[in-house]
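Me: I have a structure to study and would like to go through it by question and answer. Please look at it with me.

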Amino acid sequence: MKKWLSTDGFRNFISSCVAIAIGLVFGLIIIVFTNPSNALAGFLNLLVGPLEMGMMGIGRVLFYAIPIIMTGLSVGFAFKTGLFNIGTPGQFITGAFAAVYVGVHWTFLPAEIHWLVALLAAFIVGGLWAVVPGLMKAYFNVNEVISSIMMNYIGMYLVNYMVKLTVFDEMRSQSLPVATSAEIPKMGLDQIFRGSTLNAGIIIAILMVVLIYVILNKTKFGFEMKACGLNADAARYAGINEKKNIIMAMVIAGALAGLGGGLVYLSGSGKFISIVEVLAPEGFNGISVALLGLSNPIGIFFSGIFISYLTVGGNLMQQFGFIPEIVDIIISAIIYCSALSLMIKIFLNKRKANKKNKIKEVKE
Amino acid sequence: MEYVIEMCHITKEFPGIIANDDITLQLKKGEIHALLGENGAGKSTLMSVLFGLYQAEKGVIKMNGQEVSIKDPNDANRFGIGMVHQHFKLVHNFTVLENIILGVEDTKNGILTLTEARKKVNALSEKYHLNVNCDALISDITVGMQQRVEILKMLYRDNNILIFDEPTAVLTPQEIKELMIIMKELSDEGKSILFITHKLNEIKEVADRCTVLRKGKYIGTIDVKTTSKEEMSEMMVGRKVNFNVDKEEAKPTDVVLDVQHLSVAKKDHKDAVNDVSFQVCKGEIVCIAGIDGNGQSELVYALSGLAPIKSGKIILDGKDISHCSIFERNVNGLGHIPEDRHRHGLVLDYPLSYNLSLKKYFTKEFNHHGFLDFNKMESYSNKLIEKFDVRSGQGSKTIARSMSGGNQQKAIIAREVDNDPKALIAVQPTRGLDVGAIEFIHSELVNERDNGRAILLISLELDEVMNLSDRILVIYEGEIVAELDPKQTTIQELGLYMAGSKKEVVK
């Protein structure tokens with residue numbers, strides 16, 4: 001037990017918790033300033049609102065966590081391999097479009113596998129969308145941040161155009177609803193978490209978390225990727241094909257984000273691709289999820305749930321007269337402070353070292 | 001006798017290792033005081049404590065007899081302590097002048113004024129014969145010049161205690177000579193110098209007194225004039241050191257590495273390596289000697305596959321590997337101890353066990369259907385650590401970055417040798433290492449030679465070339481200009497070939 005307490009993982013966890021606590025205090029200050037009369041009630045709602053709703057609240061939290069866990073995994077995985085994948089919004093939305101297209105048009109598929117094929121399409125197209133930045137980085141050393149931001153806009157406009165061309169619902173100016181066979185099965189989860197629209201997407205997200213964890217920590221592939229990320233020159237010297245690794249890392253990251261898009265738009269709960277000129281927010285949220293989770297897949301899973309919890313709780317605050325923009329500011333402030341976890345970790349390490357010395361002095 | 005700086009009973013600990021254990025160092029005004037010790041003996045740590053980068057757990061620092069506390073480099077600067085780091089801290093796209101004033105800029109109404117600073121820098125440069133051009137960009141000047149900029153930085157800040165952290169490691173022999181003169185001038189002017197090194201010749205040449213550390217402990221302070229090199233090295237290593245390499249006559253057999261008419265292109269310039277041919281046989285050490293920058297790095301990159309060749313052939317044990325990937329060369333028996341151990345040799349943030357397996361992790365031993373057996377990796381690494389005496393804080397789990405240079409190099413050598421290569425390319429394998437580690441690495445290379453490996457050594461150190469090699473090839477401007485037998489040649493003659501003033505037709 002004591003050994004476990006002093007592990008690096010545990011210290012990471014503690015520092016994240018402390019950071020979150022600071023973030024919450026900071027959020028409370030903003031709440032007090034913006035709406036003092038309802039401050040406490042609103043804050044309580046933010047903190048325990050989703051839980052008070054019981055299984056329905058938990059279901060909702062899990063449901064909103066699905067896409068940001070996926071984009072968080074995407075960003076975190078790329079981080080581990082030395083890349084900054086800021087192209088998640090583009091990969092997310094192109095993946096979403098692929099899923100919707102298959103969901104609407106490929107009704108010739110047997111119902112049992114229709115949704116799986118649609119998800120697979122999202123996975124593949126998201127990955128393909130990240131190929132370009134990967135190739136540019138590997139062969140021309142073009143910074144992936146710039147090239148993937150560009151791909152975000154190309155993706156957004158292209159999807160707008162393609163939706164209009166292929167799956168357009170003119171009445172509502174959005175994509176057509178997918179066939180029921182393409183909706184992700186609920187697997188009884190909506191019964192367990194009654195009142196929410198939770199579906200098997202959360203299971204897929206969890207599987208992906210485990211898969212990425214295993215790839216990064218147990219496989220030859222992950223070993224090589226991390227080596228490339230930490231020191232590309234040394235990786236090359238050791239005979240690792242670093243170009244291939246950069247491209248593969250980008251593709252996997254893109255595929256994860258694309259799958260996230262598929263999971264959202266096949267949920268059959270009133271989510272459609274609308275023709276707007278806004279980058280998918282789920283994409284950028286992935287960055288904060290990954291940072292808060294210290295790029296560790298398990299950490300990303302929990303930080304995704306945490307941010308989703310805040311979002312659900314924040315929405316509840318609206319009934320106390322907090323306008324959505326303020327709610328967003330509060331949530332961002334909390335996330336911002338939470339990202340300080342690294343600083344807190346350093347602080348904890350220092351304190352531990354001091355303590356050790358003191359113990360030694362006493363002994364002497 | 002009053003000391004300008006006294007570090008009394010300093011103790012500094014890091015996880016798993018006591019870097020400084022009750023160390024005392026006293027610096028007199030106007031003296032050059034050498035700090036001698038093996039890699040990892042705690043020299044740099046001690047200086048970092050003095051410079052405020054680390055806080056000692058125990059001990060006090062006194063300045064002119066008064067106790068002071070140095071919490072960060074700004075404090076150190078206020079007390080007149082300046083430091084030239086081993087790796088320079090310069091902004092490469094700034095000019096010399098901009099680098100010197102960085103942090104202590106003169107401003108007028110918020111606007112930078114350079115005239116005063118320029119005058120002062122030029123005056124200092126002239127006084128100490130530094131010949132620095134204020135307007136040159138750092139990226140355009142030589143490493144030796146960059147070091148002078150670092151020295152000027154200290155002088156500009158009116159520092160009186162100057163710390164030089166292994167200043168000669170990056171310099172050419174000519175530059176070293178000039179640095180020694182500069183150091184002497186500085187001390188004549190009343191500056192006190194702390195000179196970290198493990199090169200005994202340099203201590204003999206400039207230092208007045210010398211404090212020796214070993215494995216974090218204080219061994220003693222000696223007067224340089226009355227102490228011999230042998231005595232100093234014994235204090236440093238803790239045993240008698242053999243400066244000569246013991247080796248039997250080489251018995252070369254079959255050709256292992258056969259390089260034929262190899263040329264390597266260089267950007268907008270004449271070829272870096274031009275029509276080079278040579279052979280290395282089983283059981284011999286062939287050395288490529290030359291002044292830095294005459295195509296050695298490019299030749300090694302071409303042999304190891306890090307850079308493409310322009311023309312020619314590389315044949316390893318009968319197999320043409322001229323266009324093979326690095327991976328194929330590795331598994332076909334080409335070992336490579338790289339020149340830059342931080343850039344190529346190690347993934348610094350990986351633990352030692354990963355680094356030791358870096359050329360083996362994909363083999364059946366560790367890799368089962370794409371999954372790696374990390375336990376096996378660790379036991380393999382433990383084996384190598386013991387066999388090659390690689391010292392580190394936490395054994396196989398130590399992050400490579402936290403190890404001393406000598407032990408990092410030992411780890412690389414362990415990995416390359418244990419990979420059982422047919423041919424081993426060793427590029428400056430002892431650069432920046434202390435005599436103990438050099439002795440180990442030299443005898444290891446001779447061992448491997450006797451085990452029937454073909455060894456190609458690339459070295460800039462003439463002593464190493466003469467001591468270790470069985471044949472010497474001299475490279476000058478990308479061409480092999482001579483093949484010499486170390487037993488029938490002198491260092492002077494070798495030097496003439498290296499400088500390009502003598503040539504011989506090599507078949």
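Predicted model: local features only at pLDDT ≥ 70, side-chain atom pairs only at ≥ 80, totals over all residues.

Me: Over how many bridges do S15(B) and strand S23 (residues 471-476) of chain B pair?

Reply: Residues are numbered from 1 along each chain as its sequence is written, while chains are lettered from A and ligands numbered from 1 in the order in which they are written. Helices (H or I, at least four residues) and strands (E, at least two) are DSSP runs, numbered from the N terminus, and two strands pair if DSSP finds at least two bridges between them. S15(B) and S23(B) pair in the parallel sense, and the number of bridges is 4.

Me: In S23(B), which residue is the bridge partner of Val286(B)?

Reply: Strands of a sheet pair through backbone hydrogen bonds, either parallel or antiparallel. For S15(B) and S23(B) the sense is parallel. The bridge partner of Val286(B) in S23(B) is Arg471(B).

Me: Which residue of S22(B) is the bridge partner of Cys287(B)?

Reply: S15(B) also pairs with strand S22 (residues 454-459) of chain B, in the parallel sense over 6 bridges. Within S22(B), the partner of Cys287(B) is Leu457(B).

Me: How many residues of strand S15 (residues 284-289) of chain B are buried?

Reply: A residue is buried if 20 or more other C-beta atoms lie within 10 Å of its own, exposed if 12 or fewer, and partly exposed in between, with C-beta atoms placed from the backbone. In a regular strand the side chains alternate between the two faces of the sheet. Glu284(B), Val286(B) and Ile288(B) point one way from S15(B), Ile285(B), Cys287(B) and Ala289(B) the other way, and all are buried. S15(B) is therefore largely enclosed by the rest of the structure, the buried count being 6 of the 6 residues.

Me: Which strands stand at the edges of the sheet of 6 strands in chain B?

Reply: The order in this open sheet is S18-S21-S22-S15-S23-S24 (chain B), and the pairing is mixed. An edge strand here has a single partner strand, so one side of it is left without a neighbour in the sheet. The two edge strands of chain B are S18 (334-337) and S24 (479-484).

Me: At about what angle does helix H17 (residues 491-498) of chain B run to S23(B)?

Reply: Axes are lines fitted to C-alpha atoms, for helices over the stretch in contact, and angles run from 0 to 180 degrees between N-to-C directions. Helix H17(B) lies across S15, S23 and S24 of chain B. Its angle to S23(B) is about 35°.

Me: What is the order of the open sheet of 4 strands in chain B?

Reply: The pairing in this sheet is antiparallel. One of its pairs is S13 (residues 255-264) with S16 (residues 311-316) of chain B, over 5 bridges, and Ser263(B) stands opposite Ser311(B) in S16(B). The order is S14-S13-S16-S17 (chain B).

Me: How many of the residues of H14(A) are buried?

Reply: Helix H14 (residues 281-292) of chain A reaches 17 Å from its first C-alpha to its last, close to the 16 Å expected at 1.5 Å a residue. The expected span is 1.5 Å times one less than the number of residues. Among the buried residues are Glu282(A), Ile287(A) and Leu292(A). H14(A) is mostly covered, with a buried count of 10 of its 12 residues.

Me: Which residue just after H14(B) takes a positive phi?

Reply: Helix H14 (residues 405-418) of chain B has 14 residues. Since 13 of the 14 are buried, H14(B) is largely enclosed by the rest of the structure. The residue with a positive phi, of about 55°, is Asp420(B).

Me: Does Pro185(A) count as buried, partly exposed or exposed?

Reply: Pro185(A) lies in the loop between strand S2 (174-175) and helix H9 (189-192) of chain A. Because Pro185(A) has 15 C-beta neighbours inside 10 Å, it counts as partly exposed.

Note on methods
Contact = placed C-beta atoms within 7 Å.
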